Amino acid sequence: MLRRAGPSLRHFLLERKSSAGYSSYFSEAKMSRPVQSRRLEGVDKNIWVEFVKLAATYSRVNLGQGFPDFPPPDFLKEALETALSRENYMLHQYTRAFGHPPLVKILAQFYGKLLGQDLDPMTDVMVTVGAYQALFCCFQAFVDEGDEVIIIEPFFDCYEPMVTMAGGTPVFIPLRPKAPEDGKMMSSADWKLDSAELASKFNERTKAIVLNSPNNPLGKVFSQGELELIADLCVKHDVLCISDEVYEWLVYDGKEHIRIASLPGMWDRTVIIGSAGKTFSATGWKVGWAVGPNRLLQHIRTMHQNSVYHCATIAQEAVAQVFQREFMLYGKPDSYFAQLPKELQKKRDWLVQSLDAAGMKPIIPEGTYFLLADISNFKSDVPDVPNSDEPYDSRFAKWMVKNKGLAAIPLSAFYCGAHKNNYSHFIRFCFAKEEATLKAANDILQKWKQEKTSP
Ligand SMILES: Cc1ncc(COP(=O)(O)O)c(C=O)c1O
């Protein structure tokens, strides 16, 4: 807070000396010691703060931030209503710190089935305030000064500052795109890791790798072969895998989401992170979890108990009930885990067609809420500024929201500082939206195309 004080306030504080002659102002010297300053690192640069504000100010159609604008399923609302009923008044009180018992029990049952593991709900599962807090706890629990953490680019932007804040050094490895030879539309599967390049990033300082499959922002679902490559390197170099799987149920075209923890040698070195927000189309609920062996989770529990302590009981109860429902329906057509991806796939296809018709080249995602579109054809609307500090896609996304009322997120936001200009001709759209929203986006895109082509 004091860092943000304006000059006059700062001056005033500096002038306030105690009778013994000491300043009452907490000194800049102590404030800027390495640990303090790395905690403030990135505070002013958060992409969401900037782009959420731009969308709120200018957008008519917001396909920027990743949240559905359609209602969550009725059974989720009903579970909350039941939890709120008069008889359940104890659900307004504290519950177990590491997770409300009904929720950790059903999560242990569910993930136990998915992973073919016998999970202890009290030690192998922990509930967090969204997946975000689970990630934060992981980095704080496992990363020390001198540790390196491998992050695959493009990546969910918080990984980098969270690693830095814990004192670690992020080491980046890009997914490299290769255009399909047959002239087909590019797919997220065309973005691949180079195996030799990946191997070169592992060394004795490597503590962990962050895997995000299905990946935000690209929508890539890592294949069995790619996961085996990562797993082999983890085992060979004794490295932890922080596996962010928040989009685990949002996989399209009959593809399968493979959990890296189920590969040989990986259960003991993997923490799986999940999100009820993404799973049940209710991102504001902020209920998440970490699943893994007790040996790893005990450190995460320590972080959690000394920061958040526990998450809202009533939300955990409702999520427990809906997981019970999904457990009963697992593999059946009525399951939300089967219905939601079907619905989202239609929305994805709709947006793909609409972008393609407008001249933005979409990359077909295999999973998630998101797709990328290549904006190279739009240089006449938003000219390139050579040697600009700001990546092209960032200027483009700002121009688009201000001039066309359509909000999206620049891909460069998902790269580290040094690599922001490497893939700066793409913007990310969120298609987890009502038909009317996608139609309104289409109207903007087609009108824009007409303006471009009419003399
Ligand atoms: C890849 C990824 N991980 C984690 C999160 C955070 O999830 P939650 O909202 O449950 O905190 C998000 C949210 O957008 C995400 O995209």
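Ten of the 13 residues of helix α7 are buried, so this helix is largely enclosed by the rest of the structure. The model described here is predicted. The buried set consists of Gly130, Ala131, Gln133, Ala134, Leu135, Phe136, Cys137, Cys138, Phe139 and Phe142. Helix α7 covers residues 130-142 and reaches 19 Å from its first C-alpha to its last, close to the 18 Å expected at 1.5 Å a residue.

Helix α7 also gives the most to the shell around the ligand, contributing three residues. Of the 14 residues around the ligand, those that come nearest are Gly130, Ala131, Tyr132, Phe156 and Ser275. Gly130 and Ala131 also belong to the buried residues of α7. By residue class, the shell around the ligand comprises eight polar, four nonpolar and two charged residues.

The chain is divided into two domains, with domain 1 formed by residues 47-72 together with 336-453 and domain 2 by residues 74-329. The centres of the two domains, taken over C-alpha atoms, are separated by 25 Å. Contact between the domains involves 31 residues of domain 1 and 35 residues of domain 2. On the side of domain 1 that touches domain 2, the elements giving two or more residues are helix α14 (336-358) and the strands β11 (361-363) and β12 (370-374). The largest share of this side, seven residues, comes from α14. The residues of domain 1 on the side that touches domain 2 divide into 23 nonpolar, five polar and three charged.

Definitions and conventions: Residues are numbered from 1 along each chain as its sequence is written. This is a predicted model: local features need pLDDT of at least 70, side-chain atom pairs count only at pLDDT 80 or more; totals for chains, interfaces and linings use all residues. Helices (H or I, at least four residues) and strands (E, at least two) are DSSP runs, numbered from the N terminus. The expected span of a helix is 1.5 Å times one less than its number of residues. A residue is buried if 20 or more other C-beta atoms lie within 10 Å of its own, exposed if 12 or fewer, and partly exposed in between; C-beta atoms are placed from the backbone. Domain bounds come from an automatic or database domain assignment. Two residues are in contact if their C-beta atoms, placed from the backbone, lie within 7 Å. Ala, Val, Leu, Ile, Met, Phe, Trp, Tyr, Cys and Pro count as nonpolar, Asp, Glu, Lys and Arg as charged, and the others, Gly among them, as polar. A residue is near a molecule or strand if its C-beta atom, placed from the backbone, lies within 6 Å of it.
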